[in-house]
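Q: Hey, can you walk me through this one? I'm new to looking at structures.

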Amino acid sequence: MDGKEWVGSMTDFLLELRSEEIPARMQVKAKEDLARLFNDALLKAGLAAASVDTFATPRRLALIATGLPLATEAVSEETKGPKVGAPPQAMEGFLRKSGLSQDQLVERDGVHYAIVEKAGRQTADVLAEAIPAIIRAFPWPKSQRWGAASVSTESLRWVRPLQGIVALLGDAVVHCEIDGIVSGAETMGHRFHHSGPVIITNAGDYIEKLRVAHVLVHFSERCRIIRDGAKAAAEAAGLNLIEDEGLVIENAGLTEWPVPMLGRFDPAFLDVPQEVIQLTARVNQKYFVCHDSAGKLANAFVCTANIDAHDNGAAIVAGNEKVLAARLSDAKFFWEQDLKVALDTQAQKLAQITFHEKLGSVADKVERVAKLARWLVTEGIVTGATADAAERAARLCKADLVTGMVGEFPELQGIMGGYYARAQGESDAVADAIRDHYKPVGQGDDVPTAPVTVAVSLADKLDTLAQFFAAGMPPTGSKDPFALRRAAIGFLSLLLQNELRCSLKNMLVATGAGSSFDTLEEFLIDRLKVQQREAGVRHDLIDAVFSLGGEDDLVRLLARVKALQAYVTTSEGANLLAAYKRAANILKAVDGVDAAAPAPADLVREELALRTALEAAEPKAAAALSVEDFEGAMAALATLRAPIDAFFEGVMVNDPDQDKRAFRLGLLARFRDAVTQVADFSKIEG
Amino acid sequence: MSDVVPLSFQDLILTLHDYWGKQGCAILQPYDMEMGAGTFHTATTLRALGPDPWNAAFVQPSRRPTDGRYGENPNRLGAYYQYQVILKPSPPDLQDLYLGSLKAIGIDPLLHDIRFVEDDWESPTLGAWGLGWEVWCDGMEVTQFTYFQQMGGFDCKPVSGELTYGLERLAMYIQNKDSIFDLVYNNATADRPAVTYGDIFRENERQMSTYHFEVADTDMLFDAFKKATAECESCLQHALPIPAYEQAIKASHIFNILQARGVISVQERASYMGRVRDLAKGSCQAWMEKNGWAV
């Protein structure tokens, strides 16, 4: 064949790594990792595919690459050597390195070059090397050894025992072997629906041959069947499926041939809080649940089987119904037992649970949180709540940790406490506060606004932060074992969204955890920058306001930062900033500037104008600041922009005349100080 | 399944014995000590160590004092039966062998949904872990399937495959019963009536629950725990790994009763478990040394 045709010869490649069941949660990432490792291997060999598609089922991880050349192109590599006439040692060294003799070198422009022709490699050879390398390098979150080979701890590791490799380039097997597993063209179909091997011809018939063998290799196809099928099963029963994409993906990772089916449970279980039913169904059984037409939880679920059963699934549904019933009766038992014990009694048991070995029991924490919640209300920081309600809710907020239900389902902490509180006759405000006091859990979660809830939630987070920092256990690097970053984000969100006005320092002192909170304050400001980044607030502007000192009311601080940002991002603001930097630079170079230096007799127009502007702007800015009118303060500063620009334009500051110079420097100092009332402009970037 | 009489509880065991016996497993008897799971049997713990092939199957009565419910919960027992199979090294067709055992006891995989769902096994008291699955049958966990990676803190060389069937659950499934106590234990003959699981064990559940939750003398138990740990250490000094390990099993069970009595605080719990783990690890190490395997 001629060269042109040869270059144009492309083919497709199929790789299937078949194993025992791969955990559902790992399959999506495994697809990405396979594509990445494969592409890296191609790139290293100088190959590229037109497309790379990956597939995952519980029993296989596969890849199809299209448009692969049959061989890599020949390349000639040129290496520059010594100049003509260079010392013989240099030439010897170069020849040794390049493996050539001197007469094989090429001379050009007085320099020797070594030219090595590298022949193209067969793609099949490249792949035969790449496959074992990919398998050995595969980054499974957890992997294992197995079988006879595992007498050595160096034996092959895979997520579960690896059983077979299909590797086909075009119609030809790419021969490779790893730990006794030899590549071939044979795979297996569905574990129960298909017996005997499935022989694959090439990448082109892989998907369809497996479909015939009851395996849907496309992850997304299985997702679609589960999503649509579950919905349809619910609708056929006059119900609405509660959609849950996480469950769709999980069930797709547990099936090669998904079949969603509706089952029922005894409506008597609906007495149990619906969160419990939903959680049992979802977490333990991977079932979807449904709403009835009135929007209430229905006594139905949708499970996803992995077979088309002889009896259309009757036995499977019956079996799943029984399992769920057993789980729900367990839950009902816990619910009924827990209802018999008052939360106050449960709360006493918290003395047995360690919060942290250095920070006492959970009961100790509750005591601190109760005091702090009361203080937040009596100080008027949280308004609209009674101090008694805040304290009551705080005293009961952790009591559900010792209930049977939360012991079984830790995810229901708070939620169960809310139910038990309501059942024992606590007010809605108290019950809601118990239910919601863990919120917000990280950024994006709902931020409570009900006053009692805000008091308890804020007190809880504040206590955690203050205690851990006071005990010398701040988060370090990637390590944050006590989730203090999340607590900080929760604390800040509560404060800002509810516009709670208080000095941060006062709040920290009120925790009773100590007297010095510099590291914690810095940490919180740091978190504030992270939290506000999403809202587009600039971190340097937060620094510019915070570093003035004295501003630790975070609501006010942020209002100031926002006004500042609105101004400095205008062209006028940018000019003022530039003027500030120029003034600050000049002033930095001189000692003993007196802002009140007397005016010489013959003031020039620009000096006069700036002085007049300063005299007007200074009190205006101060007055605006005193009533927290930060836009007003910015507006006052804005009046300085034209005069300061004109001043720099028309006046030479470093005048030979001492008096003139002193006065001009004084004017600049006044300008700088006026600006600095509002923010430390030296911290502003740009 | 519907046209066949489902297996009684004892026939379920006999069928599994027959099946695994034919696969070359030695059918052993239960270990004659109180323990929380079949994994504690020396046939699993100690035999999972070292290079020698080992294939065995046995029923192990398993005691979980805290799970006792006075015989009133249809799904929970303070004492139950595990069927355990261990194959070393793990054979390449272990999953198929296992599925064959399900067919043998009457579960048709084209009528019932059998699934291998990720569940990594770890025993903090044995210093052991492995990867595997819980096997689901129509959503019910019927077996724990594990490839042991470490035992007593030592790498398993080679890896064993371990299957642990929950016999009561399987029987409830096969017999279609809603309560453990209604399980048919054996089949009636013309002149001898059948007995149920409840006939045999309900009273044990009642009395043992009362004992574990209300009566057990905690001072005596704390003392017994101390004595068992001391005895274990003494055995280790005499290079007697098997009696040492028996004392570790004893300490573990005493700890479980103390837990049920609610006298071990959360803080203390970890430290007690750590002591049992040290005993178990020490026994495993002594076993390795006794056999001349590198530790």
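This is a predicted model: local features need pLDDT of at least 70, side-chain atom pairs count only at pLDDT 80 or more; totals for chains, interfaces and linings use all residues.

Q: Is α11(A) enclosed or open?
A: Largely enclosed by the rest of the structure, because 12 of its 17 residues are buried. Among them are A:V362, A:L372 and A:W375, and also A:K365, A:R368 and A:R374.

Q: What do those buried residues pack against?
A: Several elements of chain A, including α10 (343-348), α12 (387-396) and α16 (451-470). The strands β17 (354-356) and β18 (360-361) are on the list too.

Q: Switching topic: where is A:S427?
A: In chain A, in the loop between α14 (415-423) and α15 (428-436).

Q: And why does A:S427 count as partly exposed?
A: Because it has 15 other C-beta atoms within 10 Å. A residue needs 20 or more to be buried, and 12 or fewer to be exposed.

Q: How far is A:S427 from A:A393?
A: In space, 9.5 Å from C-alpha to C-alpha; along the sequence they're 34 residues apart.

Q: Now sheets. What order do the strands of the four-stranded open sheet in chain A come in?
A: β13-β15-β16-β14, with antiparallel pairing. The edge strands are β13 (240-241) and β14 (259-264), each pairing on one side only.

Q: Which helix packs on that sheet?
A: Helix α6 of chain A, residues 219-236. It touches β13, β14, β15 and β16 (297-305), and its direction makes about 30° with that of β14(A).

Q: How many bridges link β13(A) and β15?
A: Two, and the strands pair in the antiparallel sense. A:N240 stands opposite A:H291 in β15(A).

Q: What actually holds strands together, in general?
A: Strands of a sheet pair through backbone hydrogen bonds, either parallel or antiparallel.

Q: On to chain B. How many helices and strands does it have?
A: Eight helices and nine strands. Its radius of gyration is 20 Å, close to the 19 Å that the globule rule gives for 295 residues, so chain B is as compact as a globular protein of that length.

Q: What share of chain B is buried?
A: Buried residues make up 46% of the 295.

Q: Tell me about β6(B): which strands does it pair with?
A: One is β4 (residues 114-118), joined to β6(B) by five bridges and running antiparallel. There, B:E118 stands opposite B:W133. Another is β5 (residues 121-123), also antiparallel, with three bridges. Then β7 (residues 140-151) pairs with β6(B) in the antiparallel sense over nine bridges.

Q: What's in the turn between β6(B) and β7(B)?
A: The two strands form a hairpin with two residues between them, and B:D138 in the turn has a positive phi of about 50°.

Definitions and conventions. Residues are numbered from 1 along each chain as its sequence is written. Chains are lettered from A and ligands numbered from 1 in the order in which they are written. Two strands pair if DSSP finds at least two bridges between them. Two residues are in contact if their C-beta atoms, placed from the backbone, lie within 7 Å. Axes are lines fitted to C-alpha atoms, for helices over the stretch in contact, and angles run from 0 to 180 degrees between N-to-C directions. The radius of gyration is taken over C-alpha atoms; the globule rule is 2.2 Å times the number of residues to the power 0.38.
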